[in-house]
Amino acid sequence: MFKYYYFHSYSKLDKSSFNEIIRKSYSYYIDIEFSDDNNGIIMADENFSVRLLNIYNILLNDLGIAVVFLETFDLNNLSELSMESLILNKKKGVFSLDEVILKAYLYKNKDIVNALEKIFDNIDKDLLDCASYYLKCNLNALLAANSLYLHRNTFNYRLNKFIELSKLDIRNYKNSLIFYIYSIFKN
């Protein structure tokens with residue numbers, strides 16, 4: 001599964017050095033796109049986030065660059081607002097979207113909360129219930145299907161439909177946290 005990693009440098013980036021450090025630190029497929037001299041997006045697999053902590057320290061210590069990274073599941077309004085919030089609050093380091101969303105609920109950042117809720121607004125209740133039971137059953141699809149008195153294939157269809165509509169693959173731990181946080185505060 002691919003993830004997106006927004007980045008923002010608080011000073012002008014030397015794009016070639018930045019590119020070189022990231023590519024040398026991670027041997028798997030990675031795509032880096034700069035939107036300007038301070039911002040961009042990295043597309044890589046979900047394991048990149050583990051290496052990103054080391055990369056952040058190299059950028060900070062070797063190049064003296066203060067950077068903020070945001071790991072997210074999609075390039076959407078929620079992700080953009082979350083990154084803007086990190087930049088506005090002068091955050092530095094590596095953050096995942098679930099962390100930002102939790103803080104948005106706790107500190108009543110309505111823009112981020114509304115953007116998250118909008119993702120799930122038009123999703124059928126049966127699909128939301130299916131996703132909720134999947135989380136309640138510790139990501140065990142068979143147990144969730146049995147709990148809902150659904151055939152396993154019906155359950156899988158509904159879960160896949162939820163993932164397709166929301167673009168949030170809750171079979172991934174961090175993505176499941178996003179939906180879990182939403183579920184807690186929505187009810």
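This is a predicted model: local features need pLDDT of at least 70, side-chain atom pairs count only at pLDDT 80 or more; totals for chains, interfaces and linings use all residues.
Local features need pLDDT of at least 70, side-chain atom pairs count only at pLDDT 80 or more, and totals for chains, interfaces and linings use all residues. Residues are numbered from 1 along each chain as its sequence is written, and side-chain values use heavy atoms, with hydrogens and water left out.

**Strand 1**

Strand 1 spans residues 2-9. Strands here are DSSP runs of E, at least two residues, numbered from the N terminus. Buried means under 20% relative accessible area, with a 1.4 Å probe and protein chains only.

Strand 1 pairs with strand 3 and also with strand 4. Two strands pair if DSSP finds at least two bridges between them.

| Partner of strand 1 | Residues | Sense | Bridges |
|---|---|---|---|
| Strand 3 | residues 39-45 | antiparallel | 7 bridges |
| Strand 4 | residues 67-72 | antiparallel | 6 bridges |

Single residues mark these pairings. Y5 has I42 of strand 3 as its bridge partner. H8 stands opposite V68 of strand 4.

**Cysteines**

How many disulfides does the model hold? The count is 0 disulfides, where a disulfide is a pair of cysteine sulfur atoms within 2.5 Å. C130 is in no disulfide. Its nearest cysteine sulfur belongs to C137, 10 Å away.

Methods: Buried means under 20% relative accessible area, exposed over 50%, partly exposed in between (1.4 Å probe, protein chains only). Helices (H or I, at least four residues) and strands (E, at least two) are DSSP runs, numbered from the N terminus.
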